[in-house]
Amino acid sequence: MRKILIVGAGQSGLQLALGLQARGYEITLMSNRTSDEIRYGRVMSTQCMFDTALQHERDLGINFWEPQAPAIEGVGVSVAGPGRDRAVDWVGRLDGYAQSVDQRVKMAGWLDTFVRRGGQLVIHGAALSDLDYFSRMYELVLVAAGKGELVSLFPRDDARSPYREPQRALAASYVHGLGPRPEHPDFDAVRCNLVPGVGELFVMPTLTTSGRADILFWEGVPGGPLDVFRSVTDPVEHLALTLDLMERFTPWEYARATKAELTDAGGTLAGRYTPTVREPVGRLPGGGLVLGVADVVVANDPITGQGANAAAKCAASYLASVVEHGDGPFDEAWMRRTFDRYWETARHATTWTNAMLAAPPEHVLTLLGAAADLPPVADRFANGFDDPSDFASYFYDAQRTAAYLESVSPRL
């Protein structure tokens with residue numbers, strides 16, 4: 001029975017731990033918090049997982065909350081006009097529904113499941129010195145903790161990392177009391193509201209510790225009018241500021257949020273980070289090697305909602321690589337092959353995310369405007385959240401965009 005250590009108990013670390021555990025590997029999982037500390041702590045993310053990522057959970061039989069979580073059937077896009085109206089407003093339908101489960105619910109539940117199934121859990125915030133010691137005890141060490149000093153083990157990949165500063169200031173609130181969108185009251189959708197030159201507001205239904213809720217998530221251009229949450233520590237003040245900004249920049253969303261209340265005292269989150277791709281193999285001071293997982297080595301801004309999806313896809317890819325490797329050595333060559341296999345998927349999400357962080361070129365604005373009158377365009381864009389590789393065929397190049405719009409436009 002091969003012994004593997006996984007450091008980090010987020011989407012990727014826990015999914016990978018449960019998957020390997022089910023296949024007979026001896027897994028030790030290191031978390032800096034207990035399940036109760038996670039469950040009753042502050043929200044950690046604004047996750048919305050699309051069909052492919054959800055299927056990876058189904059394949060492992062760990063989709064425990066799927067019957068309770070809202071089924072998100074569409075992705076809507078609104079673009080603010082020069083006044084208080086929308087210049088663009090439409091919704092595309094997803095081929096398979098998406099879902100959002102508060103990571104406090106999911107990670108606490110998965111952590112309990114891992115222990116109940118016989119896994120060894122170590123509650124400890126790992127340092128470099130710990131990994132030096134553990135690398136001699138385990139055949140493979142996987143680092144899935146995307147924050148803290150362990151990230152410094154993995155050098156920045158300059159060729160794949162165009163940004164050196166955070167591109168958005170982030171602020172999320174989990175709320176009860178949000179009303180439906182009157183345009184489409186019959187199904188749930190993620191709403192992407194673009195305010196040119198200012199930032200974006202995302203609104204999505206979720207399942208949290210107190211049941212059905214919604215997430216209000218601002219992404220503000222640094223230094224702009226949305227970049228005002230850094231000094232806010234009071235959750236009530238955080239929500240009030242969120243709503244004030246909605247009334248100013250997205251009044252159509254504010255109209256259904258007048259009765260919004262925080263789900264709990266831990267229902268707010270603010271921060272920022274630089275999108276970065278890192279080298280996948282970390283070398284410890286004592287010479288041991290560790291393999292980075294998910295956002296440890298590919299960290300994208302959440303503007304395209306790829307974080308939890310990428311983590312699930314990375315865990316599934318690494319799981320396949322470990323199992324297929326049999327009794328072979330987990331050496332540096334294998335680690336790099338394992339990451340390269342995942343990168344074939346991850347590179348598409350990274351390319352799309354970095355493109356969406358920049359000011360949209362004219363052909364993208366034309367495409368988003370056309371989607372209001374051409375449902376196939378709206379549907380295709382919506383399903384790109386599940387499979388970002390599709391954007392390469394029609395989104396980035398003006399000529400390809402024009403050819404695609406011509407192909408779906410009705411003939412007169």
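A: Two strands pair if DSSP finds at least two bridges between them, with strands (E, at least two residues) and helices (H or I, at least four) being DSSP runs numbered from the N terminus. This is a predicted model, where local features need pLDDT of at least 70 and side-chain atom pairs count only at pLDDT 80 or more, while totals for chains, interfaces and linings use all residues. Residues are numbered from 1 along each chain as its sequence is written, and side-chain values use heavy atoms, leaving out hydrogens and water.

Let's settle on β6, residues 140-143. With β1 (residues 3-7), β6 pairs in the parallel sense over four bridges, and there Ile4 stands opposite Leu140. Strand β15 (residues 289-292) also runs parallel to β6, joined to it by two bridges; in that pairing Val143 faces Gly292.

Now for the side chains of β6. Leu140 and Leu142 point one way, Val141 and Val143 the other, and all are buried (under 20% relative accessible area with a 1.4 Å probe, protein chains only). In a regular strand, side chains alternate between the two faces of the sheet.

Step back to the loop between α5 (128-134) and β6, and you find Ser135. A polar atom of the Ser135 side chain lies 2.9 Å from the backbone oxygen of Asp132. Leaving aside residues up to four places away in sequence, Ser135 touches Val141, Leu284 and Gly288 (heavy atoms within 4.5 Å).

Technical notes: Buried < 20%, exposed > 50% of the residue type's maximum accessible area, 1.4 Å probe, protein only. Polar contact = N/O pair within 3.5 Å; in protein donor to acceptor, adjacent residues only side chain to side chain.
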